[in-house]
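Here is a briefing on the structure shown below.

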Amino acid sequence: MDNTVKKSKPLYKKLGWTSIGLCGLCCSLPIIGAVAGIGSLTAFGLYAEKIGIVALGLAGILFAIHFYKKNQAKKGCKDSCATNCDCKNGSTK
């Protein structure tokens with residue numbers, strides 16, 4: 001008659017392997033996150049560069065249009081003394 005107490009080694013083994021797995025995740029997830037973060041920043045930079053080139057070209061075109069319209073407005077009024085002020089109400093004394 002063997003009255004030995006049955007030991008629950010499988011429970012301890014399961015807890016040991018679970019803790020080893022969690023420790024591995026704890027150590028590897030920051031590295032995986034950093035690599036994924038750097039990769040996503042690289043992809044964002046690639047798209048932002050393409051958008052930036054288009055935005056720079058559009059800004060140049062809009063600046064040229066504004067500059068052209070501003071110069072056209074200056075050419076319309078050459079001298080303030082050449083303006084005819086006969087339509088003012090105060091000119092009839």
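Phenylalanine 63 and phenylalanine 67 both sit in helix α1, four residues apart, or about one turn of the helix. The model is predicted.

**Aromatic pair**

- The count of aromatic pairs comes to one.
- Phenylalanine 63 and phenylalanine 67 form that pair, and the pair is stacked.
- Their ring centres are 6.2 Å apart, with 20° between the planes.
- The pair counts as stacked because planes under 30 degrees apart fall in that class.
- Phenylalanine 63 has 58% relative accessibility, so this residue counts as exposed.
- Phenylalanine 67 has a relative accessible area of 47%, so this residue is partly exposed.

**Cysteines**

- A search of the whole structure turns up zero disulfides.
- Cysteine 23 is in no disulfide; the nearest cysteine sulfur belongs to cysteine 27, 4.4 Å away.
- A disulfide needs two cysteine sulfur atoms within 2.5 Å.
- Cysteine 23 is partly exposed, because its relative accessible area is 45%.
- For cysteine 26, the closest cysteine sulfur is again in cysteine 27, at 5.3 Å, which is too far for a bond.
- Cysteine 26 counts as exposed because its relative accessibility is 57%.

**Nonpolar surface patch**

- Four residues form a nonpolar patch on the surface: Leu22, Leu25, Leu29 and Ile32.
- Together they have about 400 Å² of accessible area.
- Leucine 22 is placed in helix α1, which covers residues 9-76.
- Leucine 22 reaches 54% relative accessibility and so counts as exposed.

**Whole chain**

- The protein chain has 93 residues, and 0% of them count as buried.
- Buried here means under 20% relative accessible area.
- The chain exposes about 9,100 Å².

Note on methods
Residues are numbered from 1 along each chain as its sequence is written. This is a predicted model: local features need pLDDT of at least 70, side-chain atom pairs count only at pLDDT 80 or more; totals for chains, interfaces and linings use all residues. Side-chain values use heavy atoms; hydrogens and water are left out. Patches are made of residues with over 30% relative accessible area and no salt bridge: like charges are joined within 9 Å, nonpolar side chains (Val, Leu, Ile, Met, Phe, Trp, Tyr) within 5 Å. Accessible areas come from the Shrake-Rupley method with a 1.4 Å probe; for residues, only the protein chains shown count as cover. A salt bridge is a side-chain nitrogen of Lys or Arg within 4 Å of a carboxyl oxygen of Asp or Glu. Helices (H or I, at least four residues) and strands (E, at least two) are DSSP runs, numbered from the N terminus. Buried means under 20% relative accessible area, exposed over 50%, partly exposed in between (1.4 Å probe, protein chains only). Rings of Phe, Tyr and Trp (its six-membered ring) pair if their centres lie within 6.5 Å; planes under 30 degrees apart count as stacked, over 60 as edge-to-face and the rest as tilted.
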